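Keep the viewer open as you read.

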Amino acid sequence: MITIRSAERKDCARMMELVRELALYEKAPEQVTVTLEHFEESGFGPNPVWWAFVAEEDGVIAGMALYYIRYSTWKGTRMWLEDIVVSESYRGKGLGKLLFDRLLEEARAKGFSGMMWQVLEWNAPAIHFYKKYNARFDPEWLNVSIDL
C-alpha cells in the first residue's frame with residue numbers, strides 16, 4: 001500500500017537519509033552540509049521555507065519531493081522542486097510518478113504559474129521521466145551560485 005502525504009517534522013531524519021542517498025547518486029555526498037536541526041527548523045519552524053510530500057509503502061518512507069516558492073517577475077509565483085527522490089530499493093513501483101503528480105496538484109491548487117527544477121545532464125532516467133510530462137529543457141541558462 002503506497003500513500004502520498006504531506007511531510008511532518010517526525011519525517012525529517014528519514015528525509016535527510018534520502019537527501020544523502022540522492023547526493024551519493026549524484027556523486028556529491030560531501031556537498032550535503034545542512035544539519036538535521038537546521039533542516040527541521042527550515043521546514044517546521046515559525047517561518048517555513050520549504051514544504052514536502054513523502055511516499056510511504058507499508059509505513060516506510062520510500063521517497064520524497066521537497067519544494068519551495070519562487071517568484072518570477074515575468075511569470076509570477078512558481079513552485080521550485082528542489083529534490084524528488086525515491087530510494088533505490090523502491091524504484092520502479094510508480095512512487096516518483098505519484099509524488100510528481102501530487103506536486104502538480106499542489107501547484108495548481110495554490111495558483112502557481114508553473115513548476116521549475118534542475119536535472120543533471122547525465123541523469124538519463126530522470127530526463128526520460130520528465131519528458132513523459134512534456135517538460136521543457138532550457139539550454140540557454142547557466143547555474144550560478146555563491147557560497148557564504
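**Rings, charges and a sheet**

Start with Y133, which is partly exposed, with a relative accessible area of 24%. Bear in mind that we are looking at a predicted model. F100 is another matter: at a relative accessible area of 1%, F100 is buried.

How do the rings of F100 and Y133 sit relative to one another? They form a tilted aromatic pair, with 4.5 Å from centre to centre and 55 degrees between the planes. This pair links distant parts of the chain, since F100 belongs to helix α3 (residues 95–109) while Y133 is in the segment after α4 (124–131), 33 residues apart.

Zoom out for a moment, and a search of the whole structure turns up 13 aromatic pairs. One of them brings together F39 and W50, and here the ring centres are 4.7 Å apart and the planes are at 25 degrees, so this pair is stacked. The cut-off for that label is an angle under 30 degrees between the planes. Where does each partner come from? F39 lies in helix α2 (residues 36–44) and W50 in the loop between α2 and β2 (51–57), so the pair ties together parts that are eleven residues apart in sequence. Are these two buried or exposed? F39 is buried, with a relative accessible area of 8%, and W50 counts as buried as well, at 7%.

Look at W122: the charged end of K27 sits over its ring, 4.0 Å from the centre. Then find F137, where K131 lies over the face of the ring, at 6.0 Å from the ring centre.

Now for the sheet. Five strands make up an open sheet with mixed pairing, and the order is β1-β2-β3-β4-β5. Which strands stand at the edges? They are β1 (2–6) and β5 (115–116), and each has a single partner strand, so one side of each is left without a neighbour in the sheet. For β5, follow the pairing with strand β4 (residues 76–86): the two run in the parallel sense and pair over two bridges. Along that pairing, M79 stands opposite M115 in β5.

Methods
Residues numbered from 1 in each chain as written. Predicted model: local features only at pLDDT ≥ 70, side-chain atom pairs only at ≥ 80, totals over all residues. Heavy atoms only, no water. Phe/Tyr/Trp six-rings, centres within 6.5 Å; stacked < 30°, edge-to-face > 60°. Helix = DSSP H or I, 4+ residues; strand = E, 2+ residues; numbered from the N terminus. Buried < 20%, exposed > 50% of the residue type's maximum accessible area, 1.4 Å probe, protein only. Lys NZ or Arg CZ within 6 Å of the ring centre and 35° of its normal. Pairing = 2+ DSSP bridges.
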